[in-house]
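Q: I would like to learn how to read contacts, sheets and cores from a set of coordinates. Please take one model and work through it.

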Amino acid sequence: MESDTVIAIGTSYGIEPAGLRLSDSVLLEASYSERALADLDEERLELAIRESDGWRSLGGVVDKKTDRVTLLVDQLGEYRLQWNQKRRTSGSFPSHLVLLPNYPNPFNPTTTLHYGLPERFSGWVELGIYDAAGREVCCLVDEPQNPGYYSVVWDGRDSSGRQVPSGVYCCRLRANRLSIARKMIFLR
């Protein structure tokens, strides 16, 4: 239930049909502006879902560099960004390494890849694109990263800047000793 310690930031957004459970989690992302927050601490921003008795806090990861709050969700409904005085400021992270399906898929000319690193993660992250024969097409991420959610856009080009041909490609996320891969289709 909403109280005086919770303040809605902006408007809510409905994704219909409300209550429908998804077979795979999706990354929900809400942006904010410093001006909309006034004197509120952005570390206490979170996402919430409307339920029959009010708004339920879900948490989320606050990225001050991009002014966004992100969270993995597995159901449709009405969501909003809110400031919660009682929120722990440590953030909310996935429980395990996550690589979500790219969107759109099939794609042309670009697609967005979303991934999440768990709370206690510490190490090097590689996100690469590979052709059907397993050859590396390009490397999108090759750096140490902290826990949280990330997004990367691939423009359908190889490491030399040339447009790749239509076909099936694989996106592979490697973090420490863990690896996840997903197929995607590029259509010209």
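A: Start with contact, which means heavy atoms within 4.5 Å. The model is predicted, so local features need pLDDT of at least 70, side-chain atom pairs count only at pLDDT 80 or more, and totals for chains, interfaces and linings use all residues. Residues are numbered from 1 along each chain as its sequence is written, and side-chain values use heavy atoms, with hydrogens and water left out.

Q: Which residues does Gly-128 touch, beyond those up to four places away in sequence?

A: Gly-128 touches Cys-138, Cys-139, Cys-170, Cys-171 and Arg-172. Gly-128 lies in strand S10; strands (E, at least two residues) are DSSP runs, numbered from the N terminus.

Q: Is Gly-128 buried or exposed?

A: Buried means under 20% relative accessible area, exposed over 50%, and partly exposed in between (1.4 Å probe, protein chains only). Gly-128 has 4% relative accessibility and therefore counts as buried.

Q: How many disulfides does a search of the whole structure find?

A: A disulfide is a pair of cysteine sulfur atoms within 2.5 Å. The search finds zero. For Cys-139, the nearest cysteine sulfur belongs to Cys-138, 7.5 Å away; Cys-139 is partly exposed because its relative accessibility is 39%. For Cys-171, the nearest cysteine sulfur is that of Cys-170, at 6.9 Å; Cys-171, at 1% relative accessibility, is buried.

Q: In what order do the four strands of the open sheet lie?

A: Two strands pair if DSSP finds at least two bridges between them. The order is S11-S10-S13-S14, with antiparallel pairing. S11 and S14 each have a single partner strand, so one side of each lacks a neighbour in the sheet. From one strand to the next the twist averages 15 degrees, where axes are lines fitted to C-alpha atoms and angles run from 0 to 180 degrees between N-to-C directions. S13 and S14 pair over nine bridges, and Ala-175 stands opposite Leu-178 in S14.

Q: Which residues have the most contacts inside the largest nonpolar core?

A: A nonpolar core is a set of buried Ala, Val, Leu, Ile, Met, Phe, Trp, Tyr and Cys residues joined through side-chain atoms within 4.5 Å. The largest has 22 residues, and those with the most contacts inside it are Tyr-115, Val-125, Leu-127, Ile-129, Trp-154, Tyr-169 and Met-184. Among the strands that each supply at least two residues of this core are S9 (111-117) and S12 (148-154). S13 gives the most, with four residues. A second, separate core of 15 residues includes Tyr-32, Leu-47, Val-62 and Leu-81.
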